[in-house]
Amino acid sequence: MNSIIFTAAARLLVALLFVFSLFMLLRGHHLPGGGFIGGLIGAVAFIVYSLAAGPAEARLALRISPEVIAMVGLGIALLAGMFSFFMGDPFFTGQWYWVGGDSYETSVFSINTVLVFDIGVYLVVLGGILSLTYAFEEET
Amino acid sequence: MADHSDPNAPWKSVSGIGTSAITALLFVFFLQYLPGVAAGDPVRWVIPWIPSLDVNLTFWIDGLSLMFALLITGIGAMVMLYAAKYLAGHPQYDRFALYLFSFMLSMLGLVLADNLIALFVFWELTTFTSYLLIGFSHTDPKSRRNALQALLLTAAGGLALLAGFIMLGITQGTFEMSQINASGSLVGQEYYTLILFFVLAGAFTKSAQVPFHFWLPNAMAAPTPVSAYLHSATMVKAGVYLLARTHPALSGSDLWIWILSIFGAVTAVFASFMALRQTDLKQTLAYTTLMALGTLVMFLAGSTGYAITAAMTFLLVHSLYKAGLFLTIGIIDHGTGTRDANVLGGLAKAMPITAVAAAMAGLAMAGIPPFLGFIAKEVAYAGALEMRLVIFVVPMALVAFALMFAVAGIVAYKPFYGPQGKLPHKPHEGPWPMLLGPVVLGVLGLAFGLLPGLSAYYLIEPAVAAVMGAPDTGGRVKLWAGFNLPLLLSLVTFALGFVIYLKHQALRERLARIEARGPDLDAGWDVFLDKFMALAKGQTKLIQTGVLRQYMFATFAVFAATVLVTLLTRNVGGLSLGFAGLGFMEWGVAALIVAGTVLVLLTSSRIVALVALGVVGIGVALIFIMYSAPDVAITQLLVELLVVVLLALAFLKMPNLDPTGVQKHSFANAALATTIGVLTTIVLLLVVDQPFDRRLTEFFEAASWTEAFGRNIVNVILVDFRTLDTFGEIAVVIIAALGAFVLLKGAAKARAAKGEKE
């Protein structure tokens, strides 16, 4: 696309959208958002960039190929589910660790496999949609 | 021969010595159970797998499984050591070692598993690993074809077996074979016939009974150590094992007796003639394996002590001598460069140790006293005389055993003492890792025969007890059973066998002529596969038109038909339309959606249609927001956006809509679309008319915070309560993305290649 306004605005938009996607991912457990929505917004960010600068440039900006991102995401999601095996729980039982306390109320923050799983979802959605879009754009 | 390498290559690799050592350790591990099992104390280990479906990894060591386990690990260790030397320097030896070891473990799992589902899984694992082993020389198309043949045939049998197992498990209320056996015979029960057919289909394909026999000689495409292993104690014996394992539950009916007797006997006699006909020693041995399998099946038809003892004794002795002979053939091949029975001869001087090992295996095979083979034959005749179809079984057994005697001479005597032909290179003795197996196996065949009491007490009688499902009285396995009918039959066998051996050259030519006239099942298999592929191609062409519009029409037409039929046949009551409570905003959004839809229908530009469709989607998202479902609304909005972008990218490269094309299809499409719209509206109104069941909502509202520490119920359901579903969905996302990626890139590549050509 040859619009100067769009090209100029895209650089700014991409960064904002990408940060926003992470924000949506992290707030998902209590407020509207989550890995699925976050991944979609992240994909939109890079699609905007690819429309402005072309798919080759967008691939460079992503650094890792989207197919790999998606695969790694699936792997992370699987590992998050298998982590419960070490605790003797069934597959995909959420594991919670309270930092600075022993329950949600008393702790400062928590480390949990549920968020790890959501990060996996985020990466799969991001990588899956981008691999599709880039392939579409490059198919000329 | 291409499948082995130069004798000077280093062979002491981790993958060779390591796997062999682990297998040997497993052998020692199983040895410790001998006294306990012999005393009638089976061992049972249970590891819950899917307890809710009654699927457990239950392992059960009784006489039958222990005998198999010892044969698998014992012969396995020697074969692995042998293969390390045989394939030394082969570029893919490590892969081979992995295949062989995995095959050993699958086979071990098969004979130890008590749960039918676990047994089935191991059964299929042996199919897959044996496929890899048979097709190991994967650059050879014949080898690949033969491996595929074995895979397809045994896997088809495996599917039948699964059906049989599921019926067996459901009708008996348990999937544990030991419990099914303990609760007595199934004969006369409602589903008995069906279960029997399915189980037999699995066993007969795996154990290569006529008419499924042709894959087995073809499986000789594998390197010789694999043949030695697959054809002695493992793979092909799996079917026999299955028949023995299910014997207490399924045997005794007329059907069982007739089918097993006839198929077994025909296989045995057919195979022993075919063995005589071959000139490649490896092929000869392949057919003698078939003969042994037929004999085993035939004796498993019976239920008397002698018949079962015959089966178990013969199983043991066959495993020992067959593995030994295959390994010997490998040494001969290695040492002379040929396996042609017409050329080989006079090797005893150059290969003395091989000659002794082969002699011991051959004597056991021929059934000469005091080898265990002799006892097996005596017991077999005694068993045959006790069987229901005695008039049929005894002559068949006599013919098979006599031919076996002759074949033993061809395989174990003639190459070493017969006249020597022109050999490809000067014969030399095999190295010790290759000699160890044949020698140990030969000595065992002799030792078990000399000590019949011990081998009966520790190995044969516990196995017989397991097959009969009752403690065994024993006392049948004797070196000298007195002057009786079996001994007489043995003497007749020797005489007949000796005559056949002397005349085998002439007989072979005659057999070759008969074979040429008979039906060629192996070629028939290829024809069958070709026809099957043609059928698949034809029906794909018929159903898969490649026109997206037709697919969508078919999909929606089926959807409309099913919903319509349901609505018409069920009494659904009246519809109530409530417009109360709808404000300006709701009507506005509805108008927006309708306007978008109308625009899609009227425009002749793809891009306009796409944007109008986006308007519809955003209208739906607005409705989600109004009824407070922000997560769904955000997702809908984003997906709508992405769809517009993706389709716009695609549409940029497509021409404007063709007005005439639209006209041609419009009436049927409009009718279908209207039907779908009306039906969906009716269904939705009916759904809303029902009182809303809030139980699930209440549960998630209550549990989301207390159990999953999250306040956003939608997300908590996605990532915690229903994680497995989400995992499946993201896997689908990846598969879809990769599929589209490959299609797009593949199309681009094909075009690029075409461009280069032009």
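Two residues count as in contact if their C-beta atoms, placed from the backbone, lie within 7 Å. Keep that in mind for the views below, which come from a predicted model.

**View 1. Helix α8 of chain B and what covers it.** Here we look at α8(B), residues 192–206. Of its 15 residues, 11 are buried, so the helix is largely enclosed by the rest of the structure. Among the buried ones are B:Tyr192, B:Ile195, B:Phe198 and B:Lys206. The cover over these buried residues includes α6 (141–172), α11 (237–245), α12 (247–250) and α13 (254–277) of chain B.

**View 2. The length of α8(B), end to end.** After the helix comes B:Ala208, with a positive phi near 55°.

**View 3. Inside the largest nonpolar core.** This core has 199 residues, and those touching the most other members include B:Ile72, B:Leu133, B:Leu296 and B:Met404. Helix α15 of chain B (residues 305–336) supplies the largest share, 19 residues. Zoom in on B:Leu296: setting aside neighbours within four places in sequence, B:Leu296 is in contact with B:Val240, B:Ala311, B:Phe314 and B:Leu315.

**View 4. Where chain B meets chain A.** On this side, 37 residues of chain B are in contact with 38 residues of chain A. Helices α27 (630–651), α30 (713–721) and α31 (723–757) of chain B each bring at least two residues to it. The biggest giver is α31(B), with 15 residues. Sorted by class, chain B's side has 27 nonpolar, six polar and four charged residues.

Definitions and conventions
Residues numbered from 1 in each chain as written. Chains lettered and ligands numbered in written order. Predicted model: local features only at pLDDT ≥ 70, side-chain atom pairs only at ≥ 80, totals over all residues. Core = buried A, V, L, I, M, F, W, Y, C linked by C-beta atoms within 7 Å. Buried ≥ 20, exposed ≤ 12 C-beta atoms within 10 Å, placed from the backbone. Helix = DSSP H or I, 4+ residues; strand = E, 2+ residues; numbered from the N terminus. Nonpolar A, V, L, I, M, F, W, Y, C, P; charged D, E, K, R; others polar. Expected span 1.5 Å × (residues − 1).
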